[in-house]
Amino acid sequence: MAIASINPWDGSVLQTFTPLTDEELEAKLGLAATGFTTYRQWSIPQRAAGLNRLATLLHQQRETWARTMTLEMGKPIRAALAEVDKSAWVCRYYAEQGAAFLQDQAGPLDTLPDGTVAQTWVRREPLGVILAVMPWNFPFWQVFRALAPALMAGNGFLLKHASNVPQSALGIEQLVTQAGFPAGVMQTLLIEAHRVAPLLADSRIQAATLTGSEAAGMAFASAAGRALKKTVLELGGSDPFLVLPSADLETAVTTAVTARMLNNGQSCIAAKRFILHTAIAPTFTAQLVERFQALTIGDPLDPATELGPLATPALRDELHRQVTEMLHQGAQLLCGGQIPPGQGNCYPPTLLTHLPPSARHIEFFGPVGLIYEVADLDQAIQVANDCPFGLGASAWTRDPQEQQRLVTELASGSVFINGMVRSDPRLPFGGIKQSGYGRELGEWGLLEFVNLKTVWVKES
């Protein structure tokens, strides 16, 4: 079955690719192994220089790759341009900070019974070839936030990207090659999903990372576990957005719209559950409905478009099914909720309230917000945590005591006070509960895939 790149705005087939044969896949695995053997000998300054060249290429070719992403998965062109820029940022960040993250760490002196002394230290060495299974929603950023630290650490990198963004996947490989990294160090594998599990068992792959659904994460981790391969998983989210009476409501509403509609609503860290104190809920809700209904929906290549199509018809159909099921269970529709006529896999900005308990266990991957009213801070925290996910949380209050409780008691991988949840190359990113485990970005992300080697040397 061909791997196809299909424009979600007009349904046109942009390009098709034939999946790798078993023989071609074997050749790529062999090249990855030999490429890593060469690359691991590169000095840390050489790796940093390679990442800086990669960042420069991203800036030089930003319009080309932004357009590719928009055509393949429908994100608004302005967001696509920002994504290329952020991918360049993470390359430069690791180029600048990698030496500090990878330097040897001195250990304690070990005085032996005979009076002699042993020196100890910890080395940080590459593990080997890392397999990355990445999603379509951020075709460049999701890859680069794993790729940049892997390359800085001296690892090889095999990318199995989502099947609907093959041009983005091949483009990333092209950029790495143009940046002068050794042959085979970074390769794209155009293969079907069912061929991932056997790859995890291959001895030439030392570890793996996946961003995707909980079901995909469980299957991936199970296959990796059978082969004793370490994994990092970044899975789904249903992030809460809590608003309390002392909040700056104007800023909170403006941020709420951005936080829900980011990437056409297709983001794991999008604000999905708006948890509103009763004192401000009517005002906040009315303003949110007004802002949602005013958004410009259309061709994602048009810079004026604020909300483009969902990536595939199946994703839109599933989102509409979820909304319809909530309404059947007693939820109230405040706006949206109907598939619009015309071209594109578009879905209108939608708000639901009076939700059934089952809504807290669903990730709505599209422009759908859920509204909950709560009587006090205790109930707000309870509703926020009553969810199987734990990726991020945004909370709005100017009360220092409330801020401290929220930071302490919200169960998530990150808490943003008076700001929107976002990833940043300088800070660890990841979740708890069914949102996954392990961390990307910062020093913590780089250290996920290095060998911390203890060295003990006795004085002669």
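Helices and strands here are DSSP runs, numbered from the N terminus. Keep that in mind for the loop that holds Leu441, which runs between strand E20 (436-437) and helix H14 (442-447). One more thing before the close-ups: this is a predicted model.

**View 1. Leu441, a buried leucine in a loop.** Here's Leu441, sitting between strand E20 and helix H14. Its phi is positive, about 75°, even though Leu441 isn't a glycine. Most residues other than glycine have a negative phi. Is Leu441 buried or exposed? Its relative accessibility is 0%, so Leu441 counts as buried.

**View 2. Leu228, an exposed leucine in another loop.** Now we're in the loop that links helix H8 (214-226) and strand E10 (230-234), where you'll find Leu228. Leu228 isn't a glycine, yet it has a positive phi too, of about 55°. What about its surroundings? With a relative accessibility of 78%, Leu228 counts as exposed, because the cut-off for exposed is over 50%.

**View 3. Thr188, a buried threonine in a strand.** Thr188 belongs to strand E8, which covers residues 186-188.

**View 4. Who Thr188 meets.** Which backbone oxygen does the side chain of Thr188 reach? That oxygen belongs to Ala169, and the distance is 2.8 Å. Ala169 also turns up among the contacts of Thr188, once you leave aside neighbours within four places in sequence.

How values were computed
Residues are numbered from 1 along each chain as its sequence is written. This is a predicted model: local features need pLDDT of at least 70, side-chain atom pairs count only at pLDDT 80 or more; totals for chains, interfaces and linings use all residues. Side-chain values use heavy atoms; hydrogens and water are left out. Helices (H or I, at least four residues) and strands (E, at least two) are DSSP runs, numbered from the N terminus. Buried means under 20% relative accessible area, exposed over 50%, partly exposed in between (1.4 Å probe, protein chains only). A polar contact is a pair of N or O atoms within 3.5 Å; within protein, one must be able to donate a hydrogen and the other to accept it, and residues adjacent in sequence count only if both atoms are side-chain atoms. Contact means heavy atoms within 4.5 Å.
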